[in-house]
Structure formats: C-alpha cells, structure tokens
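Please keep the sequence and the structure at hand while reading.

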Amino acid sequence: MNGESVDSINNKLPSIKQLQCFLAVAQELNFRRAAERLRMTQPPLTRHIKCLEETLGCELFARNTHEVHLTETGLILVEKATYLINEFTLFMREIKNDKTRLRIGLTRTLNFDNIPELGHKIKTLMFGDDIDTQHLTSSQLLNFLSKGQMDIVITGEQSLHSEHDFKFHWLYREPLLLAIPSSHPSSLKEKISLTYVADLPLFWFSRNANPVFYDKCEKYFQRLPFLLKRRKEPDDSLVMLSSIAKGKGMALMPRSMCTFNQEGLCYRELVDDVAQSLNIDVYAAIRKNETREGVINGLNRLLNEKPVIQPQN
C-alpha cells in the first residue's frame, strides 16, 4: 500500500478527542452535563460529535428538545470506543515508562462520579499532573498491579487467588438496583424483591468474569423459593438495557451505573433484606510489599474518613 493510500485512510479515522466526547455524551445522555464533565463548553462538544457522525456517515444520537438517546450504531460504538481509548491510554503509559507518576486503576464496573462517599476522595487524589488513571475490569487491574504497571487499584470485591500478593482495604459498599421493564406490575413499587419479578429472566454473566461477586449472588439465588431463569448477558450493557426496555428480562446493576434512560426501562431498589445480600464491596488494593511513600500516602488519602461499618463475613 503506498503512502497516498495510507493518508487517505487516516484522514477518515475519528480522533481520540471525538471518541472521548462521544463516550461522555453516551454516558450522560445530556450534552450540557457531558461538557461540564469534560471541562469544556457545549458548542465545541457538539462540533466534535457532529464531525464524528460525518466521519462515520451515520447518526450516533437521536435528539429532540427534551431527550438524547443512542442509536443502534451508537450502542455498538460505545463498546468499541471504550476499548480503543483504554488500549491507547495503556500504550501511552507504557512507552513513557514514567516511574514518578502515581498510576491508579479504577474498575469500570462502577461510575465513581455518582458515588459521593468515595468519588470526592478519588477526585482529590487525582488532582494534578502526577496522576495517571485507567478504567478496566477488576481482574485486568489486579493483573497490571501484580506486574508493577499500576500502583493502586480500586476493585469490586477481593480476588480469590491474590491474598498473598496484595493488601486489600475496604472502602465502600455499592448497592445494586434492579433494571426492569416499566410495563411490569412491580415497577409500581418503590422497592422490590426478586420474588415479584420471578417471571422475568435475569441477564447473567459467566463466573470467570468475577468469581467473588458471582458466588455472592449465587449464594442468595439458591435460597429463593423458585428457580431463577437466566439469559446470557450481552457484552454491551446498553444493548442489554434496550432489551429490558422491550420486556425481555431484568438485570442487577450497580446503583452508580443506572444512568441510561430509555422509554420502557426503569430502575428499582431492592427490599432491605435482599440488599443486604446483593451488593458490591469496593476495595483499594496495593502490592503487599509496597513501601514507596507516594503510593502509601495515596492509599491513606483514600482511607481517611472511612466508614466505621465494615462488611460482615
């Protein structure tokens, strides 16, 4: 392939900034809030989205005067854009090999912007130019931590096989909400039990994705007076939520991630006794042999004002 052909291809590719803007709007479904999150004004954000849509030759959002929704193409791009940005960020960190930066990993299972109890501590810690962050799965984060490619990671639940490698410090307990079709009779209740929605299949994942969380939930499921029907959880959570809006099932979701709104979809809290069993315990982890002052200070800033209540065994 000659140089002219390569340039022609490159000129048609979206920019990283366009993808970052797209993901912010996709997560907020509000251009004003997305602009505030990116610390920019709304007009340039809108231009980035428009240029991205022109580059791809299709609309990514369906917009009117009151609401913003992802199109089918937009739903697909969320997963691909997230992967590309995470991979590029990791590559940049690796080639810089900058040992003076504090490298923090956050589980992408949670949206820490929506967790006031913990989010403000993370934002305080991340303020400045000496912090490098990455959003990945908990297993990926611990893998990078074990290889010395991260310094502190915040994960959902502890790892089953890494107690000899890491020190885990409990930070917070994230409630789970139930995403259900708004047409279901139980949507009229403020808090619901799984018994109320026994007719709906649960979108569920394989155990190897998160063994500790999986086992915690399965332990409760086994106590139910009925057999809980399951459906394979799609890789893209927005596709799953769109299916729920069409009446095709239900899903347990972290409260901080229940921000996607669509006609036919609603979120409901679990009744208190169920919420005690179905939740996500969030931990900060460092390597067991960690002695660097910057890492220890960073961990201590996360742990100060820690809630008195600890998870029960």
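## Overall make-up

Contact here means heavy atoms within 4.5 Å. The model is predicted. Of the contacts in the protein chain with a separation of 6 or more, 71% are between residues 24 or more positions apart.

The protein chain has eleven helices and twelve strands. It holds 313 residues, and buried residues make up 46% of them.

Strand 5 covers residues 152–156, and five of its five residues are buried. Cover is found on both faces: Ile 152, Ile 154 and Gly 156 are buried on one side, and Val 153 and Thr 155 are buried on the other.

Strand 5 is paired with strand 3 (residues 102–107) through three bridges, and these two strands run parallel. Within this pairing, Leu 106 has Ile 154 of strand 5 as its bridge partner. Strand 5 is also joined to strand 12 (residues 279–287), here by four bridges and in an antiparallel arrangement. Val 153 has Ala 285 in strand 12 as its bridge partner.

Helix 9 spans residues 237–245 and includes Ser 242. Is Ser 242 buried or exposed? Ser 242 counts as buried because its relative accessibility is 9%, and the cut-off for buried is under 20%. Apart from neighbours within four places in sequence, Ser 242 is in contact with Leu 75, Phe 260 and Gln 262.

In helix 11 (residues 293–303), the buried residues are Val 295, Gly 298, Leu 299, Leu 302 and Leu 303. Viewed down the axis of helix 11, these buried residues fall within an arc of 135°, so they line one face of the helix.

## A nonpolar surface patch

Ile 16, Phe 88, Phe 91 and Met 92 make up a nonpolar patch on the surface, and together they have about 330 Å² of accessible area. Helix 5 (residues 72–96) gives the largest share of this patch, three residues. Met 92 is in helix 5, and with a relative accessible area of 30% Met 92 is partly exposed.

## Salt bridges

Side chains of opposite charge can pair when their charged atoms come close. The count of salt bridges in this model is 16. One of them joins Arg 37 and Asp 113, whose closest N and O atoms are 4.0 Å apart. Arg 37 is in helix 3 (residues 31–37) and Asp 113 is in the loop between strand 3 and helix 6 (116–126), so the pair ties together parts 76 residues apart in sequence. Both residues are partly exposed: the relative accessible area is 30% for Arg 37 and 41% for Asp 113.

Glu 218 and Arg 230 form another salt bridge, with 2.7 Å between the closest N and O atoms. This pair links distant parts of the chain, as Glu 218 is in helix 8 (residues 211–221) and Arg 230 is in strand 9 (residues 230–232), twelve residues apart. Glu 218 is buried at a relative accessible area of 11%, whereas Arg 230 is partly exposed at 38%. Arg 207 and Asp 215 also meet in a salt bridge, at 2.7 Å from N to O.

Technical notes: Residues numbered from 1 in each chain as written. Predicted model: local features only at pLDDT ≥ 70, side-chain atom pairs only at ≥ 80, totals over all residues. Heavy atoms only, no water. Buried < 20%, exposed > 50% of the residue type's maximum accessible area, 1.4 Å probe, protein only. Patch = residues over 30% accessible without salt bridge, like charges linked within 9 Å, V, L, I, M, F, W, Y side chains within 5 Å. Areas by Shrake-Rupley, 256 points an atom, 1.4 Å probe, with all protein chains shown as cover. Salt bridge = Lys/Arg side-chain N within 4 Å of Asp/Glu carboxyl O. Arc of directions from axis to C-beta. Pairing = 2+ DSSP bridges.
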